[in-house]
Amino acid sequence: MEKFYWAPTREDRIGVCTGIFRTDHVPPEDIVKLVDTFPGQSIDFFGALRARVYDDEVKKWISSVGVENVGKKLVNSKEGPPTFEQPKMTLEKLLEYGSMLVQEQENVKRVQLADKYLNEAALGDANEDDMKRGTFYG
């Protein structure tokens with residue numbers, strides 16, 4: 001089987017994002033602005049943005065019913081499953097969440113870089129025997 005690597009163009013990304021946000025009624029000009037604001041991001045990034053907005057609605061619901069009551073509201077509830085109004089997807093909200101996701105990506109990269117450095121540093125394995133014995137305090 002041959003592998004096909006897809007490097008979406010700007011137009012491809014706008015088209016896919018239009019599909020991602022179609023049911024949320026995000027205007028085409030907002031989608032263009034979103035794609036242009038985060039040009040190096042994968043298509044998955046934009047799906048994650050959408051999910052974040054819906055996650056907030058779930059968090060609000062949990063806060064309103066109380067964490068201790070979530071199980072009662074979801075399992076065999078006489079009220080039925082919870083319903084949520086479709087959240088408003090504004091460009092401002094999507095840009096804010098996009099910036100938050102980029103910051104999270106940067107934090108993950110920093111942690112991975114620190115782990116890589118510690119694992120590959122000249123003295124990375126020098127104290128392994130002390131660490132196994134529990135006598136290393138560094």
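Helix α1 passes helix α3 in a right-handed crossing. In this predicted model, α1 spans residues 10-20 and α3 spans residues 43-65, and the axes of the two helices come within 10 Å. The crossing angle is roughly 25 degrees, which makes α1 roughly parallel to α3. On the α1 side, the contact is formed by Arg13, Val16, Cys17 and Ile20, which meet Ile43, Phe46, Gly47 and Arg50 of α3. Sorted by class, the residues of this contact comprise five nonpolar, one polar and two charged.

Helix α1 also packs against helix α2, which covers residues 28-37. Here the axes come within 9 Å and cross at roughly 125 degrees. The two helices are therefore oblique to each other. As with α3, the crossing of α1 over α2 is right-handed. Arg10, Arg13, Ile14, Cys17 and Thr18 of α1 are in contact with Ile31, Val32, Val35 and Asp36 of α2. This contact has five nonpolar, one polar and three charged residues. Arg13 and Cys17 take part in the contact with α2 and also in the contact with α3.

These helices belong to a protein with six helices and zero strands. Read from the N terminus, the order of elements is α-α-α-α-α-α. The protein has 138 residues, of which 22% are buried. Among contacts between residues at least 6 apart in sequence, 68% join residues that are at least 24 apart.

The loop between α2 and α3 contains glutamine 41. With a relative accessibility of 15%, glutamine 41 counts as buried, because the limit for that class is under 20%. When neighbours within four places in sequence are left aside, the residues in contact with glutamine 41 are Arg13, Phe46, Val102 and Gln105. Valine 102 is 61 residues away from glutamine 41 along the chain, yet the C-alpha atoms of the two residues are separated by 8.8 Å.

Aromatic residues were considered next. A pair of aromatic rings is described by the distance of the centres and the angle of the planes. The structure holds three aromatic pairs. In one of them, the ring centres of phenylalanine 45 and phenylalanine 46 lie 5.2 Å apart and the planes stand at 90 degrees, so the pair is edge-to-face. Both phenylalanine 45 and phenylalanine 46 are buried.

Another pair is formed by tryptophan 61 and phenylalanine 84, whose ring centres are 6.2 Å apart. The planes of these rings are at 75 degrees, so this pair is edge-to-face as well. Tryptophan 61 lies in α3, whereas phenylalanine 84 is in the loop between α4 (70-74) and α5 (91-120). The pair therefore ties together parts of the chain that are 23 residues apart in sequence. Tryptophan 61 counts as buried at 16% relative accessibility. Phenylalanine 84, with a relative accessible area of 40%, is partly exposed.

Histidine 25 has a positive phi of about 60 degrees although it is not a glycine. Histidine 25 is located in the loop between α1 and α2, and with a relative accessible area of 64% it is exposed. Asparagine 76, likewise not a glycine, has a positive phi of about 55 degrees. The position of asparagine 76 is in the loop between α4 and α5, the loop that also holds phenylalanine 84. Asparagine 76 is exposed, its relative accessible area being 76%.

Methods:
Residues are numbered from 1 along each chain as its sequence is written. This is a predicted model: local features need pLDDT of at least 70, side-chain atom pairs count only at pLDDT 80 or more; totals for chains, interfaces and linings use all residues. Side-chain values use heavy atoms; hydrogens and water are left out. Axes are lines fitted to C-alpha atoms, for helices over the stretch in contact, and angles run from 0 to 180 degrees between N-to-C directions. Helices (H or I, at least four residues) and strands (E, at least two) are DSSP runs, numbered from the N terminus. Angles under 35 degrees count as roughly parallel, over 145 as roughly antiparallel, 65 to 115 as roughly perpendicular and the rest as oblique. A crossing is left-handed if the near helix is turned anticlockwise from the far one by less than a right angle, and right-handed if clockwise. Contact means heavy atoms within 4.5 Å. Ala, Val, Leu, Ile, Met, Phe, Trp, Tyr, Cys and Pro count as nonpolar, Asp, Glu, Lys and Arg as charged, and the others, Gly among them, as polar. Rings of Phe, Tyr and Trp (its six-membered ring) pair if their centres lie within 6.5 Å; planes under 30 degrees apart count as stacked, over 60 as edge-to-face and the rest as tilted. Buried means under 20% relative accessible area, exposed over 50%, partly exposed in between (1.4 Å probe, protein chains only).
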